[in-house]
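Here are a few quick notes to go with the model, written as numbered points. Have a look at the structure first, then read on.

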Amino acid sequence: MKRDEPMSEEVVDDLELNRNEKQLSLPILKYVKTSQQQNGLKHGDYKRYSQYCARRIKRLRKALKLQQGDRRHFKKKDITAEMLKDERYLHLVLVDAERAWAYATDLKEESKNEPRKGHHVIKRLGKAVERSEHLEELCQSSSVDARSKLESQAYVNWLRGMYYFEREKFREAQEFLIRAKTFYENLTSILPYDESPLYAQKAEELIPLLRFCVFNLGEKSAREIISSEGEIGNLDELIAQARREEAANIVEITWRGRSVPVRQEKVRLTILACQDIETKMEGATSTEDKIELIDSLLMNIRDSYMLLREEMAANPALQRKDDGPVSPVLYLLSYLNYLRISKTIEKTFLSLDGLKNSMTGQDSDGKRVGKPQDLIRMYELILQNLGELRNLEGIEGDHEFKRQIEGDELGMKFIRLYYIGVTLEQMKRWREALAIYEKADNYGRELEPYSRFLSSRVAKEVDHVAEQIKSSKFRIHAESILQTDVPVQEMKDLTIKDRLPLSDRLDDYVEEGLVKAGSPRVINMPPSMEPAPCKPLFFDVALNHVKFPDLEDKIEPVRGGISGVVKSMLNWRRK
């Protein structure tokens, strides 16, 4: 089977047969709620859920080799306490009870229009009670843990209460519903944070039914029932035993001064593998083997992270965030993220060591020789990973952790600048390389307050790079001085020929090699500037000094009319 291909339920059932024998556990309410939400009840489709239960029963009987005959012959096979070697026997009885309850609830909706179906509803509820009582008997076996005993009693009392409630026998209904509520409240008190909200919600769902029973019985009768309900068998003993078992199953991890429980077996194994990885890496002979070990661990961390995310999606109560510290599940997710990022950084450092060895020729083995540019890219990856650590939930008030991240980031920038300078130095760009080394020195001075917060690997590399930068500065000065003699000698060897372009010596024929080479000097480009003539300007300066002759005698006098008088007056004024 391919890794990414989802396994069918039949394959899962076959794999479960290989479990080691241990005390059986059946978290009934959690199992039931998950099945209901995934198979119709999220939208109130009881018929679909009933059909799913029927298919599930068939698959379980086939996997357990407990088929009841064939199509022609039927041979009933009940489950007994001696057969309890696998949790799926308990699942089979539970799903059978759920099928009867879902069918009854579906018929109840139809009975509103067809009253005759009300009898069938009561009959199917009675069948569900019968199956739940069988489940309770099986859970009393010594091979079943105390939590399953408590849950089976809560489940059977709830179904009994619903049965009598449907038959309108409110006294019996109230008695069993009170018992069921008591069991669920006690389970809420002993279960961990990630599971208790589900049981508290179930206990609250019973309150409206109890109020309806009180309304029909009267307050006095209801009080008599509550006072006479008294002690519930060996409830205290079961609760104490369940608490001991829960405490034995819970493993706590402490990170950054806070302890959180780890209930999931896969998550516990992943955390233990993280603790043992150092021992395994010491036994690895090559860098490739160490990287392979880290890759395998990263895959397990990713699977555990997805497991917790799925549980949070199935239980919305785990996603709520208060003003105080984050919930234990969110904090555990942050811890898994921290493990993933830190192991990714460790893997990158191993790759860096391999590249550095190939650059120095210590571990070439015919492989591609590393370049400073490759190292720069890897240090940038480490910087990105350190940036992810800043966004982890639950460490907002941990200033020491933040200072450590800031210090490591400055250290990575310092080292990255050094390798950028090495790259420029190889390209003989002395000025740029010297400027980069000066900037790296500034980061080095900023690192001084963070010296005690740096991780051991970063601190070691920072010290090494600081010494390298000092020597690189002196080397750059020396190389820049030595390289100046080369261009001076080249300039001496140059010959400057004052050749006129072809456009200026058209009358002279000269055989040139440049003409044959395809690069003749035809004309100067751009052309040189030459003076050009412009249009002259004329100014009439003699006009003011010329005296024109008097021409009055040439003008014919005007005769008669007002115009003549005016003209004569003007002439007189001129004289």
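1. Let's start with one spot: Glu 168, in the loop that links helix 6 (146-166) to helix 7 (170-190). Bear in mind that this is a predicted model.

2. What is the phi of Glu 168 near? The angle is near 65°, so a positive value, and the residue is not a glycine. Glu 168 has 59% relative accessibility, which puts this residue in the exposed class because the cut-off is over 50%.

3. Phi of Lys 428 is positive, near 60°, in a residue other than glycine.

4. Now the whole chain. The secondary structure consists of 21 helices and two strands. The protein chain has 575 residues, and 38% of them are buried.

5. On contacts: take those in the protein chain with a separation of 6 or more, and 69% of them are between residues 24 or more positions apart.

6. Finally, the surface. The protein chain exposes about 36900 Å², and 52% of that area is supplied by carbon and sulfur atoms.

Technical notes. Residues are numbered from 1 along each chain as its sequence is written. This is a predicted model: local features need pLDDT of at least 70, side-chain atom pairs count only at pLDDT 80 or more; totals for chains, interfaces and linings use all residues. Side-chain values use heavy atoms; hydrogens and water are left out. Helices (H or I, at least four residues) and strands (E, at least two) are DSSP runs, numbered from the N terminus. Buried means under 20% relative accessible area, exposed over 50%, partly exposed in between (1.4 Å probe, protein chains only). Contact means heavy atoms within 4.5 Å. Accessible areas come from the Shrake-Rupley method with a 1.4 Å probe; for residues, only the protein chains shown count as cover.
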